[in-house]
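Please open the model in your viewer and keep the selection tool at hand.

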Amino acid sequence: MRKDFFKKNMIIAAVLLMVVCLSGCKIKLAEISASVMAPVKVTTPLEGQYRFKNVQHLEEGKFVDDTGFRTFTAEFTQESARIGLERVETPQYLAKLVSTYEYFVEKFRTNPNRFEIKDDKMEVIRITSEGQSFYEVFRMNEDEIGIVKGNHLITLVKTEFTPEGLGQFVDGKANQLENELLEDQDYEPIAGVLLGLRGQRNEVTEESSYRTLWITNDGEIQEVYEIDNILFPRKEFWKMEVVKEAGKERLQIYAITGTPSNVKEEIVYHYPAEYVDVEFVGNNYLSILTSDEDSYDRSEMTEGMTIGVDGYNEYTPVPIETFYGAAGKQAFVSSLIQATNETEEALVANPETEEFIDSFILRRHHGNWMLESSFQLEDDTIKVPIALRADINLVTYDELTIPWSKVRERVPQALDAFNAPGNSFMLVRTPKYLMMYRIVGGELAEEPLQAIEIKEEEEIIMAEWARGEFVKRWTDMASREGNKIIFVQNRRP
């Protein structure tokens with residue numbers, strides 16, 4: 001992108017970013033912090049009783065039947081805190097003032113305007129008990145609070161205090177929502193994941209490094225295989241490589257089983273740039289960053305795009321409308337408004353806004369895939385997280401059944417987490433290990449089942465899951481294409 005992008009009318013943004021420039025830092029997704037003030041201990045700011053008002057799905061366009069939510073209640077006192085059927089004693093309440101937009105993008109990958117939250121700043125109260133987090137509750141207004149359970153945002157309204165509490169609303173079949181959430185639904189003990197990793201480049205040859213790990217658990221035995229390059233599933237199994245020829249790099253993607261669908265007898269390969277880094281690989285789409293600078297330093301890789309596996313050799317960005325319709329473009333504009341302080345009219349009129357939208361990529365952030373784009377301000381790359389959840393056509397499965405905050409409590413060094421569909425296990429990535437944990441009663445087990453050593457500089461760019469009978473077929477393919485490796489440690493539950 002050209003370096004004068006959005007330079008006009010950005011004096012305010014430039015001043016705010018000057019501190020960043022002077023410190024030599026780049027704004028990174030991992031550095032997003034919704035908090036604008038340090039948490040402050042307060043004395044039961046929520047004290048009272050709350051009843052259900054409405055419920056909305058965090059993913060736009062999904063309808064929610066509120067039948068199972070109508071008797072959902074909460075109570076907060078100095079002695080205890082209860083949300084639905086969950087309760088803790090001697091709670092502590094820590095309040096912080098946050099940027100509403102940044103909080104919702106970082107936590108839930110969605111725009112708060114969807115929930116009629118209009119204030120730029122919002123009070124968030126974190127409830128803890130005996131050093132363990134319970135919930136984060138945010139104020140919608142003076143009388144209403146919001147709570148997120150699973151993929152639902154539940155709005156509660158304060159009611160008159162009754163000494164006997166709201167007990168009649170806690171018991172019985174009406175709490176269908178709570179009973180369902182507390183049970184291990186659709187449990188499947190057999191699962192496996194293909195994790196794609198991008199490593200450091202060779203300092204001499206400058207060639208990139210990619211590998212795939214196939215990690216399985218059948219409830220008793222865990223296995224790991226290592227495969228060169230990126231092995232990923234479609235209707236058949238495919239491989240992806242980054243090839244360097246005559247000073248330029250390109251992708252090479254091909255089927256290794258079945259009938260190849262995008263391989264011709266003779267292909268005239270295109271070379272998008274001197275350096276190509278793959279950021280994300282899915283069944284049908286992948287994200288790349290490119291650079292034609294003399295260095296392959298990541299900070300120089302400012303040109304991003306998401307392309308289709310079919311026709312990848314054209315390196316044509318997939319329009320965001322393919323996945324989200326007109327709402328997708330609006331989400332990018334809204335995110336850009338937050339980053340630049342520009343008006344919507346000015347951004348829509350600027351032809352380079354389209355370039356910003358076409359430059360989106362996917363990357364990992366705290367247990368999920370997140371959409372991100374960027375623009376240049378002078379010599380700095382400004383990365384902008386987009387308030388959209390990864391569409392199912394981009395990422396087939398992307399769920400955490402245990403909140404990220406609770407993952408960090410169990411594993412303080414956690415950088416990322418991958419939740420098996422059916423809750424067979426969770427992989428927690430730390431700087432040097434992938435730790436496999438059982439999920440017991442909605443919590444991570446005390447000790448990991450296994451640990452797999454990985455390099456600190458490796459980035460995870462793919463997570464493709466199999467469960468049930470498909471695991472054996474994928475294991476056979478991993479065995480054919482790679483080598484079995486042993487865990488750093490084995491621990492029986």
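Begin by selecting Asp 297, which lies in the loop between β18 and β19 (303-308); helices (H or I, at least four residues) and strands (E, at least two) are DSSP runs, numbered from the N terminus. This is a predicted model, in which local features need pLDDT of at least 70 and side-chain atom pairs count only at pLDDT 80 or more, while totals for chains, interfaces and linings use all residues. Residues are numbered from 1 along each chain as its sequence is written, and side-chain values use heavy atoms, with hydrogens and water left out.

Asp 297 counts as partly exposed because its relative accessibility is 39%; buried means under 20% relative accessible area, exposed over 50%, and partly exposed in between (1.4 Å probe, protein chains only).

Next, select strand β17 (residues 275-281), where seven of seven residues are buried.

Finally, move to helix α2 (residues 100-108). Is this helix enclosed or open? Helix α2 is largely enclosed by the rest of the structure, because seven of its nine residues are buried. To display the buried positions, select Thr 100, Tyr 101, Tyr 103, Phe 104, Val 105, Glu 106 and Phe 108. Just after α2, inspect the backbone of Arg 109, which takes a positive phi of about 55°.
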